[in-house]
Every structure is written in structure tokens, then in C-alpha cells.
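Hi everyone, thanks for coming. I'd like to walk you through one chain today, so please have a look at the screen.

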Amino acid sequence: MKLRTYLLLANCISIAFIIVFLLVSFQYMLVTKKQLVWLVTATIGAGIVSAGLYFLLVRPLEASVRRIRDGAARIASGDLKARVAHRTKLTEFKELAVQFNAMGASLDHSFGQVKAAERAQRELVANIAHDLRTPLASLQSYAEALEDGIVQDEEAFSRYVSTIRSETIRLGELIQDVFDLSTLDAGKPKDDPDAKCAPAIFEDLLVELLPRFTPQLNAKSLRLRVLAPERSLAIRMSAVHLVRVLQNLIENAVRYSPEGGIIVVEAKELPERRVRISVTDEGAGIPPEDRERIFERFYRVEKSRNREGGGSGLGLSIAKLLVEQYGGEIGVEPATGQGSRFWFNVREA
Ligand code: ADP
């Protein structure tokens, strides 16, 4: 039954009840027959006029319900931009329309986020597939060359073997990066910044980390300087995570530095017990338009996806996720002269 029919029926029943009551009452009144006829006619006429007025007055109510119904139908058919006009004098319907529109906006926003996440996921899988295929293809061709006995001299043989080794390492690094990203995305409880973790002692970490870079530094005749406050710095971050961030930044500094350059690793105290750790190199620097984007997954300044000399393209996004998990910020700025300074702010323990 339609809303208007129902309301009209309810109204007619109540009017009929009043008319019957009045008609019965008139019988007992001291009125002439003529007066009685007039009173009955007037009562029935008033009842009809009242029903007519009721019919007209119920229309805005019906229109409001219809608007909400149409809006809901459009949303149900997938049009999440559907909104309901709230030009009505009926307060409850106005509030209902406002709430309905807020619900539509929030649905639209959530759906947009789901779609963006799906798109990012698809791109991520495509990028990973591409980056796995490249080293695998060269591994296959080098292995086949060795198997077919094409390589005769010892020097070429060891070059092939060393390429196979370096490609295997690169594959392993990529798989490790993808694994790290997925665990960071899942926000495992161990990564909860509020979870109690032993603070990382900055200088102890450097003593552990820097010797790992000796071969690469020597290969490019790079010098590495460390600037840090006299006192010991205890950072509110798990040592494993701080090492991971620093390692990614230093690896990049080494990779993008010219031969004979200087790399500076610096820890500076900031107000409110915060520390800024930075890694500065003398490389080509990062163009301003790429400075935000290099923290995205697989974003590389050099647009070609040639992996020659490059890493997995995930290092900075992992560093960003880690730093932000501990309430810190990360960024890059041009270094004085030439090169770039990657920095991140963290809290002291
Ligand atoms: P990759 O493993 O390719 O280095 P990253 O996520 O660590 O991936 O870095 C993303 C991109 O940012 C790099 O491909 C490079 O283009 C740019 N980049 C990172 N560090 C530096 C740096 N120190 N100097 C110049 N470019 C850099």
C-alpha cells in the first residue's frame, strides 16, 4: 500500500468516527429536524473538506520519501555520486536527507580508496613480475651459455659466474624487499610503534653497519664521514628497523655518488628530544618534481626500467613506511653544492 493511501485511509477512518459520533450526538440534542439536517450536512461537508486538505498536505511528505527512495535506488545501482535534495520544510526529512548524503559521500570515498588500493596492488604485481623476469632472463641465458660450452676462456667463464651470482643476489634482495613491504603493510604487531622495544643506540648501529659498505666504497673510491653529537643517542625505534632505513639511504648514496665523492652521515639534535639523521651525497641530485614521488613504490627518477646499476626501487618506500611507523618524517632536499640530502626525524628514547 502506498504511503499516501495509507495516511488518507487513516484520516478517513478518524473522520468517519467523528461524523458517526456527531450524528449520534445530534439525535439527543434539542434541535429541529431542519437544524439536524443542516448540522449533519455541515459535518459531512467538513469531513470531506478535511480529507481533501489532508490529501494535499500529505504530498510534500510523500515527495520527500520518494526522493530518498530514488537516491537509495541510484546508490544500489552503483551510482555512488547520487545525492538527495534537502529542500523541505519537514525537519526530520531534512535531517534524513543530510544523513543520507553523508552516508553516500562516505561510501563513495571508501569505494574510491578500495579501487585505488586495487589499482596499486595490480601495478605492484606487474612491477614485481617485471623485475623478477629481468634477472631471471639473464640468469637463464648465462646458465645456458655455460651449459652449451660456448664460454671457453677462464676469464669469460668467471665473468659469467660472477654475473649469475650478482643477479641471484639482486633477485634475493627484491624478494626480501617485497616481503618486507608486505609485512609492513600488514602492520604486524611487532611493528607497533607503541609496543615496547629496546631503543637503538645510534653509534652502535653505525659500528655494525658501516663496515658492510667497505667494498662498495673502495670500488668507487668514496669517502664516508660521520657527524654526531658527543653524547650517546638512544633512538626510539627498533635497531633492526633503524639499520634498515640507514642501510637503504647509504646504499643509494653509494649507488648514485660519482667516483671519489664524499658521503656524510649525520645525526643532529632537534628541539623536543627529536633527532634528524641525514645521509648526504655528491651525486646528480633529485629533480624537484621527483622529490615526493621517489618515496612511492618502484618510482625511479630515470624513467627507463633498465635495472643496470639500480636497486629494487622499493628501498625508499620501505624506509618511509618504517620511519612513519614510529611517528617520524622522511624527506629529501638538495645538498649544498651538488647532490642530495636524505633525512628522517625520529624521537629520542
Ligand atoms: P632504488 O633501489 O632504485 O634505488 P629507491 O626506492 O631506493 O630505489 O630509490 C628510488 C629512486 O630514487 C631511485 O631509482 C633513484 O632514481 C632515486 N634516488 C634515490 N636515492 C638517490 C640519491 N642518493 N641520488 C639520486 N637519486 C636517488
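Let's start at G327, which sits just after α9 and takes a positive phi of about 75 degrees. Before going on, a word on the source: this is a predicted model, where local features need pLDDT of at least 70, side-chain atom pairs count only at pLDDT 80 or more, and totals for chains, interfaces and linings use all residues. Residues are numbered from 1 along each chain as its sequence is written, and side-chain values use heavy atoms, with hydrogens and water left out. When I say helix or strand, I mean DSSP runs, H or I of at least four residues for helices and E of at least two for strands, numbered from the N terminus.

Back to α9 itself. Eight of its 11 residues are buried, so the helix is largely enclosed by the rest of the structure. Buried here means under 20% relative accessible area, exposed means over 50%, and partly exposed is in between, with a 1.4 Å probe and protein chains only. The buried ones are G315, L316, S317, I318, A319, L322, V323 and Q325. And what do they pack against? Their partners are α5 (154-186), α8, β6 (329-334) and β7, where contact means heavy atoms within 4.5 Å.

Now for the ligand. There are 18 residues around it, and N252, D281, R300, G313 and L316 come nearest; to be near, a residue needs a heavy atom within 4 Å. R300 has an N or O atom 2.5 Å from an oxygen of the ligand. For N252, the distance from a side-chain N or O atom to a ligand oxygen is 2.8 Å. D281 places a polar side-chain atom 2.8 Å from a ligand nitrogen. For reference, a polar contact is a pair of N or O atoms within 3.5 Å.

How much of the ligand does the protein bury? Taken alone, the ligand exposes 520 Å², and 97% of that is buried by the protein. These areas come from the Shrake-Rupley method with a 1.4 Å probe; for residues, only the protein chains shown count as cover. The elements giving two or more residues to the shell are α8 (239-256), α9 (315-325) and β7 (340-347), and α8 has the largest share, with three residues.

Let's zoom out. The chain has nine helices and seven strands. Its radius of gyration, taken over C-alpha atoms, is 38 Å, well over the 20 Å that the globule rule gives for 349 residues, so the chain is more spread out than a compact globule. That rule is 2.2 Å times the number of residues to the power 0.38. Along the principal axes, the C-alpha atoms fill a box of roughly 130 × 60 × 35 Å. Of the 349 residues, 34% are buried.

Two last stops. V84 lies in the loop between α3 (59-76) and α4, and at 6% relative accessibility V84 counts as buried. Beyond its neighbours within four places in sequence, V84 is in contact with R67, I68, G71, A97, F100 and N101. G112 is in helix α4 (residues 91-147), and is partly exposed at 35% relative accessible area. That's my tour, and I'm happy to go back to any view.

Technical notes: A polar contact is a pair of N or O atoms within 3.5 Å; within protein, one must be able to donate a hydrogen and the other to accept it, and residues adjacent in sequence count only if both atoms are side-chain atoms.
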